[in-house]
Amino acid sequence: MAFKQSLEQIDPNTAEAIDLERERQESTLGMIASENHVSKAVLEAQGSVLTNKYAEGYPGGRYYGGCQHVDTVEELAIDRAKELFGVDHANVQPHSGTQANMGVYFSVLEPGDKILSLSLSHGGHLSHGHNVNFSGQLYDVEQYEVDPETGYIDYDELESHASEFDPDIIVSGSSAYPREFEYERIGDIADTVDAYHLADIAHVTGLVAADVHESPVEHAEFVTGSTHKTIRAGRGGIIMCEEEYADAIDSAVFPGAQGGPLMHNVAGKTAGFAEAQTAEFEEHAEQVVANAKRLADVFHERGLSLVSDGTDKHLLLIDLRESYPDLTGKEAEALLSDVGIIVNKNTVPGETRSPMVTSGIRIGTPSLTTRGFEEAEMETVADLIVDVLDDPDDEDVDDRVDSRVNELCEEFPIYG
């Protein structure tokens, strides 16, 4: 009977692909800043029978019967999020960080309203108003930038821009900005121009939860995030807000932007939030940042140019143009991938190449920290990266680096 057959029996091709992906993760060093490895508990929750349950609506007010147990799961996720972040209200149903942002926009903006956000090539995100995204197509968007000399956001320029543009909402948040945002300053600017402040903490959700990164909660009406990056919970998004906006947010998510929530993902969020409440997770988050800072130190020592000269959090951005003017981000990504180090090409401030080629690479530490890497291992990894970039055509270097990567992967398995 097909219903009771295993995945390998009913669909060996998919089973093989999953096995190969697990092998790839175990045998490479994942350094993409937006990725992480979830725990066995989160995997168990996300692979549970909750995938079978439709639960349109919210706990205590569903459109379907039989929701008493999924109500418990969602209520746990909400309560834990409120405790972790110190917020009045949390909606844990968004399927992604982008859909969390969609929920905020739909709750307080009309088509054609104005958004002021960080430029994508300066570290921003598609869902903050890029013209290929719904946010750039529905709203009137202008973007602020980092100072080309320092790599830091110029807050005086942001304030001037806001005064001239008169936005309805100002977005603080990024996908490749290595420094903390000055949330209080942005909140004050938003107040001055009578705008909402949306703080998108997608990348730093776990760092904020662990108090190793400044929280925007007191300075923004809305806080959104991803739940599968630094917080290492179930894949998806979250919206947090002041109580006065709770009903508008909930209505914008359902029925405004989504149908039934993915309850198995909500269960993954619940399990991950439980882990984030432990002292062990706080130590992990501190190590994530320490590892990134050590990477930056070694890159400096080896002569690489970093946007903003370093990092405050879990990621850093290498600008290849000074050290390797003929090497593109796409080429650097491929070179490192060939030896088992997985990073991603990324635009840099003042970018002249296309987003599919780029002049930089983005490197993050969450996944390796989850595997148990500390500063000593990060020094080794940083040297391996620079060795490859310094001699891209040297097969002996590639062989040596590939061998060392294999040793590190065996020493620090993910799931054992």
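Helix 4 crosses helix 11 in a left-handed sense: the near helix is turned anticlockwise from the far one by less than a right angle, whereas clockwise would be right-handed. Helices here are DSSP runs of H or I with at least four residues, strands are E runs of at least two, and both are numbered from the N terminus. This is a predicted model, in which local features need pLDDT of at least 70 and side-chain atom pairs count only at pLDDT 80 or more, while totals for chains, interfaces and linings use all residues. Residues are numbered from 1 along each chain as its sequence is written, and side-chain values use heavy atoms, without hydrogens or water.

Stay with this pair. The axes of helix 4 and helix 11 (residues 263-276) come within 9 Å and cross at roughly 40 degrees. Helix 4 is therefore oblique to helix 11. Axes are lines fitted to C-alpha atoms, for helices over the stretch in contact, and angles run from 0 to 180 degrees between N-to-C directions. Under 35 degrees counts as roughly parallel, over 145 as roughly antiparallel, 65 to 115 as roughly perpendicular, and the rest as oblique. On the helix 4 side, the contact (heavy atoms within 4.5 Å) includes Val70, Leu76 and Leu84. Helix 11 brings, among them, Met263, Val266 and Phe273. By class, this contact has 13 nonpolar, one polar and two charged residues. Ala, Val, Leu, Ile, Met, Phe, Trp, Tyr, Cys and Pro count as nonpolar; Asp, Glu, Lys and Arg as charged; the others, Gly among them, as polar.

Now the cores. A nonpolar core is a set of buried Ala, Val, Leu, Ile, Met, Phe, Trp, Tyr and Cys residues joined through side-chain atoms within 4.5 Å. Buried means under 20% relative accessible area, exposed over 50%, partly exposed in between (1.4 Å probe, protein chains only). The largest core has 60 residues, and Phe85, Phe181 and Phe273 are among those with the most contacts inside it. Helix 4 (residues 68-85) gives the most to this core, with seven residues. Phe181 touches, among others, Leu118, Ile153 and Glu214. A second, separate core of 37 residues includes Leu320, Ile361, Val397 and Val401.

Next, helix 16 (residues 375-390) and helix 17 (residues 395-411). They pack at about 155 degrees, with axes 10 Å apart. Helix 16 is therefore roughly antiparallel to helix 17. Their crossing is left-handed. Val381 and Leu384 of helix 16 take part in the contact, as do Val397 and Val401 of helix 17.

Technical notes:
Lists of a residue's contacts leave out its neighbours within four places in sequence.
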